[in-house]
2 protein chains.
Amino acid sequence: MTTIRMVGFDADDTLWRSEDYFAAAQSTFESIVGAYVGDDARTTERLYAIEKANLAVFGYGVKGMALSMVEAAIEITESRISSSDLQRIVQMAKEMLRHPVDLLPGVREAVEQVAADYPVVLVTKGDLFHQEAKVRDSGLSHLFRRIEIVSEKDVPTYRRLLEEFAIPPEGFVMVGNSLRSDIAPVLELGGWGVHVPYHLTWEHERQADIPADAARRLRSLTHADELPGALRAIAAG
Amino acid sequence: MTTIRMVGFDADDTLWRSEDYFAAAQSTFESIVGAYVGDDARTTERLYAIEKANLAVFGYGVKGMALSMVEAAIEITESRISSSDLQRIVQMAKEMLRHPVDLLPGVREAVEQVAADYPVVLVTKGDLFHQEAKVRDSGLSHLFRRIEIVSEKDVPTYRRLLEEFAIPPEGFVMVGNSLRSDIAPVLELGGWGVHVPYHLTWEHERQADIPADAARRLRSLTHADELPGALRAIAAG
């Protein structure tokens, strides 16, 4: 028997689409830059290298992505890119930030069912302003007891949150699409992870080491509608 | 007699310098753009108009500033700006984000004294990632019971925070440099405001209506070292 005291949900690509828009932006970026340097210029790798180097200074989110893209476009084209093409990158970021929230199939019903049984909280990382706008727009915010927007989802962050919630790790279940950000740190603290993979996951989020002895507290689903059953199984097991 | 239950501090331009760096960035922007269009092109006004229009989509902070500057530079120069000049804008943003925190004179001592008498919290708006970095870098974070990074400092935000803290408005004192963000909404809720003006304040933050009947709960200081005395006077008054 496990007493589930609280269920945490990730937001981007767990509740609603996000990576699709980043992937589409990346394709647009590659076609803009490709017009100057052709398809063979390792554009994807060079953009990723710049984004990764800039994470420490920009953090996650659309605005950092756009600034990294401006930097990368100028570098990869050796300053030949036109300013109107750079303007397209800035405008693309604004469109992403204004895009309506697109809930994933079955999510509304799954969160409603879980919220009827347990206190649920939202734990999301990235740009505060954009995440708040998406939570407002989602129509789900009334279901969440707390909405925590953090800059990094690592062991110290989850430890601090669980202390604030006054919940022991073994009573906390985190639901999300990223092994690195949603699952591994919670397992490490002694909590439970429910992994709902998304068809697109940023390279950075796919890397995680799950110790063998923690794997028994990990469940994997293919669809949100399996979540209430998975939680019942955890509680009963 | 007033029982002060909690003291909130703003961060940027109350605890440490911030607007100086934005003002310097704006000068650099004007000199970059001025090389294309001369000094008479209403560059300042046009940048401010674009920044203000973009606030609803970017929020506050360096990254949004930089994206607005890229957009404005292209628009004001009618796409004549070189990509290497645009790269300078991106690099300037990165330097601002990496700049060490520069505490204002007397702030460390004032916060230490206030924290010895009352629970203190930090309430700051803007970019989550950058604000967290500055709090860590400031050496003051251990003095604050809570650090709240919010996307907008308005009446609903302060109402929610005071509910979370379980503090009645009349027991809350907010200390800050912005009448619009730090003082007016707290006075409106029935709390106290201690205004510590900064020599530079962004135009957007200078606009606020203080109702006459709320002005008795407003104090103005010229220097941080007057703060402990001002709080004693509020408590005694």
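**Reading helix pairs and the chain contact**

Modeller: Start with who touches whom: Ala110(B), Gln113(B) and Val114(B) of α5(B) meet Leu227(B), Pro228(B) and Leu231(B) of α9(B). That contact is made of five nonpolar residues, one polar and no charged. Keep in mind that this is a predicted model.

Colleague: And how do I describe the geometry of a pair like that?

Modeller: In general, you describe two packed helices by the angle between their axes and the distance between the axes. Here, α5 (residues 107-117) and α9 (residues 227-236) of chain B pack at about 30°, with axes 9 Å apart.

Colleague: Are α5(B) and α9(B) roughly parallel or antiparallel?

Modeller: Angles under 35 degrees count as roughly parallel, so α5(B) and α9(B) are roughly parallel to each other.

Colleague: Which residues of α1(B) and α4(B) meet?

Modeller: From α1(B), Tyr21(B), Ala25(B), Thr28(B), Phe29(B) and Ile32(B); from α4(B), Asp85(B), Arg88(B), Ile89(B), Met92(B) and Met96(B). The tally for this contact is seven nonpolar, one polar and two charged.

Colleague: Why does the end-to-end distance of α4(B) agree with its residue count?

Modeller: Helix α4(B) (residues 83-98) has 16 residues, so at 1.5 Å a residue it should span 22 Å, and its end C-alpha atoms are 23 Å apart, which agrees.

Colleague: Which residues of α4(B) are buried?

Modeller: Ser83(B), Leu86(B), Ile89(B), Val90(B), Met92(B), Ala93(B), Met96(B) and Leu97(B). Their cover includes α1, α3 and α6 of chain B, along with α2, α3 and α4 of chain A.

Colleague: That brings in the other chain. How many residues of each chain are in contact?

Modeller: 26 residues of chain A are in contact with 26 residues of chain B. On the chain A side, α2 (43-58), α3 (62-76), α4 (83-98) and α6 (128-138) each supply at least two residues. The largest share, nine residues, comes from α4(A). By type, the side of chain A that touches chain B has 14 nonpolar, seven polar and five charged residues.

Colleague: And which domains does chain A have?

Modeller: The domain assignment gives domain 1 (6-16 + 102-236) and domain 2 (19-98). The C-alpha centres of those domains of chain A lie 29 Å apart.

Methods. Residues numbered from 1 in each chain as written. Chains lettered and ligands numbered in written order. Predicted model: local features only at pLDDT ≥ 70, side-chain atom pairs only at ≥ 80, totals over all residues. Axes fitted to C-alpha atoms, helices over the stretch in contact; angles between N-to-C directions. Helix = DSSP H or I, 4+ residues; strand = E, 2+ residues; numbered from the N terminus. Parallel < 35°, antiparallel > 145°, perpendicular 65-115°, else oblique. Contact = placed C-beta atoms within 7 Å. Nonpolar A, V, L, I, M, F, W, Y, C, P; charged D, E, K, R; others polar. Domains from an automatic or database assignment. Expected span 1.5 Å × (residues − 1). Buried ≥ 20, exposed ≤ 12 C-beta atoms within 10 Å, placed from the backbone.
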